[in-house]
Number of protein chains: 2
Amino acid sequence: LGATVELLAAHGYDGISYEAVADAAGVHKTSIYRWWPTKPDLVLDAMLTRAEAVIEMPDSGRLHADLLVFLREVADNVTSPLGRAVLLATARAGSDTPETEAVRRRFWEARFERAAERLARARDAGELPAGTDPMLLLELCVSPLHFRALISGQPIDDAFLHETLAALGVTPRARRVRSRR
Amino acid sequence: LGATVELLAAHGYDGISYEAVADAAGVHKTSIYRWWPTKPDLVLDAMLTRAEAVIEMPDSGRLHADLLVFLREVADNVTSPLGRAVLLATARAGSDTPETEAVRRRFWEARFERAAERLARARDAGELPAGTDPMLLLELCVSPLHFRALISGQPIDDAFLHETLAALGVTPRARRVRSRR
């Protein structure tokens with residue numbers, strides 16, 4: 001898995017072959033086939049376990065500040081060579097087997113699971129509207145960063161992160177929409 | 001350009017070579033090099049002129065309904081084989097020359113220019129807050145569709161379009177934040 005991630009970062013998805021991974025890892029390629037029967041299986045498992053896939057969100061009690069920290073980490077990840085390669089590797093898996101889809105679903109759940117828990121606490125504390133879906137809010141605020149990093153190529157600066165959060169109704173002033181007691 | 005788009009749709013970015021385009025178009029490849037000195041130049045110009053790149057937004061006077069029509073067209077585009085191939089082709093151009101960057105910038109401006117004009121009118125009519133940046137609002141509402149279609153692989157249904165618009169403050173009830181007279 002380490003060899004796969006290194007090759008992914010250095011050469012992108014197209015640079016990954018069972019031969020290259022076997023060479024880099026010092027094993028025979030049949031050993032790799034045994035555990036990861038397809039290239040998407042291998043790549044996604046490597047992403048999940050080795051590419052700092054999980055992005056954390058602090059819990060300072062100030063939601064806007066914590067989301068900014070989180071978004072800056074997402075931005076660093078999606079603009080880094082490794083992060084970019086990993087995401088393009090996911091993007092390339094266009095014709096997916098059910099197995100690959102399951103792996104990808106696990107990847108995205110794992111990636112933002114901790115942050116979603118943080119947002120759920122914020123919602124339960126009244127910092128977000130009661131009906132907020134944490135995963136949806138995360139998806140809507142990370143999507144523009146992925147769009148810029150991978151598709152449109154526009155820069156991602158702090159002003160953009162602030163604008164994105166503001167458009168989603170998250171502002172520096174804590175929004176206590178209802179008191180807990 | 002037509003041959004390039006056809007090859008792009010059939011085989012993706014990796015399937016595009018000057019040889020293949022020259023064969024399909026019935027010209028010599030030096031003729032192609034003369035006009036498009038690099039592959040990104042060729043692919044992006046083809047995208048811009050031949051791949052139904054420009055996505056229109058109707059102007060019924062009901063902003064939420066018009067944005068839904070627009071987002072459905074974006075969703076159809078990004079989930080179609082051609083649209084997907086075109087966007088992955090853009091995404092692949094990781095190491096860009098200034099020329100390529102300029103082409104890409106033109107592509108994204110042209111793609112949503114008409115829709116941005118529609119939103120500017122909505123803003124001037126008071127249907128959107130006075131400070132709304134039309135291009136930013138469009139970017140924030142199309143990004144989650146690109147994220148799902150190209151990266152996370154989750155389905156894009158009407159419920160998701162509604163949720164996205166609602167999170168960005170666009171609801172079926174016209175938001176007249178200020179009267180014009």
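At what angle do the axes of helix α5 and helix α9 of chain A cross? In this predicted model, local features need pLDDT of at least 70 and side-chain atom pairs count only at pLDDT 80 or more, while totals for chains, interfaces and linings use all residues. Residues are numbered from 1 along each chain as its sequence is written, chains are lettered from A in the order in which they are written, and side-chain values use heavy atoms, without hydrogens and water.

Helix α5 of chain A spans residues 63–79, and helix α9 of chain A spans residues 158–167. Their axes come within 10 Å and cross at roughly 130 degrees. The crossing of α5(A) and α9(A) is right-handed. On α5(A), the contact (heavy atoms within 4.5 Å) is made by H64(A), L67(A), L68(A), L71(A) and R72(A). D158(A), L161(A), H162(A) and L165(A) make it on α9(A). Five of these residues are nonpolar, two are polar and two are charged.

The two chains also meet. In chain A, 30 residues are in contact with 30 residues of chain B. About 2,500 Å² is buried between chain A and chain B (accessible area lost on being put together, 1.4 Å probe, summed over both). Carbon and sulfur atoms give 66% of that area. E139(A), F147(A) and I151(A) supply 25% of the area that chain A buries against chain B, more than any other three residues.

Two salt bridges (a side-chain nitrogen of Lys or Arg within 4 Å of a carboxyl oxygen of Asp or Glu) are counted between chain A and chain B. E139(A) and R148(B) form a salt bridge through their side chains, at 2.6 Å from N to O.

Definitions and conventions. Axes are lines fitted to C-alpha atoms, for helices over the stretch in contact, and angles run from 0 to 180 degrees between N-to-C directions. Helices (H or I, at least four residues) and strands (E, at least two) are DSSP runs, numbered from the N terminus. A crossing is left-handed if the near helix is turned anticlockwise from the far one by less than a right angle, and right-handed if clockwise. Ala, Val, Leu, Ile, Met, Phe, Trp, Tyr, Cys and Pro count as nonpolar, Asp, Glu, Lys and Arg as charged, and the others, Gly among them, as polar. Buried area is the accessible area (1.4 Å probe) that two parts lose on being put together, summed over both.
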